[in-house]
Amino acid sequence: MAHVRLFRHYIHFPFVILGLIDLLVLVASFLITVFFRYFGEVDFFFFSLGFVLPSALAFALTNVLVMVAIGVHQSRLEDGMSGMMLRTILALIFSLPLSGLLYLMASDWLWYLGTVGVLTTSSVIGFFLLGIARTLFFAIAGKDAFKRKVLVLGAGVKARQLLEDLQTPFNRKGFTVAGYVALPGEPVQISPELLIHPGISLHRYIHSHPVSEIVVAVDDRRKGLPMEDLLECKMEGVRIVDGATFYERESRKVALEMISQGWLVFTDGFTVSTVAGFGKRAIDLLASGLLLLVSSPLMALTAIAIKIEDGWKAPVFYSQERVGLNGHPFKVHKFRSMRTDAEKNGAVWAQKNDNRVTKVGAFIRKVRIDELPQIFNVLNGTMAFVGPRPERPVFVEKLADSIPFYNERHRVKPGITGWAQLCFAYADNEEDSREKLRYDLYYIKNQSLLLDLLVIIQTVEVVLFKKGSR
């Protein structure tokens, strides 16, 4: 099993294991520190373990939560082990005041968190133990024995798309492809060396070459599938997975080229309960209220900086029409980051190194400060804290004509942050908007309170490491 699905969101199983290992390592580092600082006798320590464990768990959970927020585990894919450990140092530093805050809130239960020496020593020991544990984990988890072996039924356009889109290290982590089986009459788009002998029985193949899953990625199912063969495989314990579902699970986005209106109707997801709606609104109000409280001084400084650069009569904010829930227009509020005459020739996409951006605007865009006034959009209900990025009507009209299912992103409220903003850079053309729609549809299909909380936590990484801003 390479993925765990919690509240309809796919989480890569090895990262779940790695998170649990990190948790245990940090608990152990805290216990080691407390033992040598306060006890020194094994029997006395184990007798008092019940009093120490709450503090150890609070310390470990705080650190793991911060690691998730700044993308420590995912950074292993892009930055290697050194980048992962550098972010771990940052997470351990950020966790120190948070652990101290927990002590102030529950000092009777978390007495051992109240000493700075214990927290810093535990963090140092934890850093070295985490390095050892992760090195051992990746040495084992990197082997193919920890990956599912997958056989793809189909060798046409859809199969080729699976091959191309899931080749990147970010996506192709939990499986290896045993080969592709072409159906009779299907145009072959896969290299010959990846093809399994045509006409072979799937049932006979899995006996000599065991696989965990068969992914059905044929271009036209109306031409027929080897249903009896697939049923035999299923009865042998092999999972049969639709190509679009497999793509969604592995890439955390929806394959636009593989889906139809029928798939949208009959697939699991794309539903929101009344209880979840109330929960989401509660998270919106809580998150935006806290963000407003924390960011108020920063917003005041930003307003002053804009005035200093452009003059005291220059506007600090600008409002712009965007498309919201069910296609209804609304006004979005931001700090002004461009010249006042930026769109004298009409609406255009924001470009990298855009010469219309002011000096203050360039900075506040990089660190996302320009988005902060959208807090008021969340409070008045026109936006959510988490959702697809709202676009301008002129762009929506063009994109809806050329990209299938584009208007489906308006089934939910637009958000300050979202799944697409976390997973993909800024969209400044049609192809980028098509890619972001794949992530938006994944969010709409699998939305839950857990996914919203995950997006909010990981948005910290976007702010700290300037990911996806333009």
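Begin by selecting residues 285–306: this stretch is 100% helix and 0% strand, and its end C-alpha atoms lie 28 Å apart. The model on screen is a predicted one. The UniProt record, an unreviewed entry, places a "transmembrane region" at residues 285–306, and also at 12–39, 45–72, 84–105 and 111–140. Select residues 45–72 next. Here the chain is 86% helix and 0% strand, with 32 Å between the end C-alpha atoms.

**The nonpolar cores**

Now display the side chains of Val152, Leu162, Phe246, Leu256, Ile259, Phe335 and Trp419. These residues have the most contacts inside the largest nonpolar core, which has 61 residues. Colour helix H16, residues 430–446, as well; this helix gives the most to the core, contributing six residues. Then move to Ala58, Met84, Leu130 and Ala133, which are among the 34 residues of another core lying apart from that one.

**Arg434 on helix H16**

Return to helix H16 and select Arg434, which is located in it. Is this side chain's residue buried or exposed? Arg434 counts as buried because its relative accessibility is 16%, below the 20% cut-off. Show its surroundings next: beyond its neighbours within four places in sequence, Arg434 is in contact with Leu256, Glu257, Ser402, Ile403 and Pro404.

**Gly387 and its loop**

Select Gly387 next. This glycine sits in the loop that runs between strand S9 (384–386) and helix H14 (393–402). With a relative accessible area of 3%, Gly387 is buried. Which residues does Gly387 touch, not counting those up to four places away in sequence? They are Lys413, Pro414, Gly415, Thr417, Gly418, Gln421 and Tyr443.

Finish with Cys233 and Cys423. Cys233 is buried, at 0% relative accessibility. Cys423, in contrast, is partly exposed because its relative accessible area is 24%, which falls between the 20% and 50% cut-offs. How many disulfides does the model contain when cysteine sulfur atoms must lie within 2.5 Å? The count is zero.

Technical notes:
Residues numbered from 1 in each chain as written. Predicted model: local features only at pLDDT ≥ 70, side-chain atom pairs only at ≥ 80, totals over all residues. Heavy atoms only, no water. Helix = DSSP H or I, 4+ residues; strand = E, 2+ residues; numbered from the N terminus. Buried < 20%, exposed > 50% of the residue type's maximum accessible area, 1.4 Å probe, protein only. Contact = heavy atoms within 4.5 Å. Core = buried A, V, L, I, M, F, W, Y, C linked by side-chain atoms within 4.5 Å. Disulfide = S-S within 2.5 Å. UniProt positions renumbered as here; feature names shortened; annotations may be inferred.
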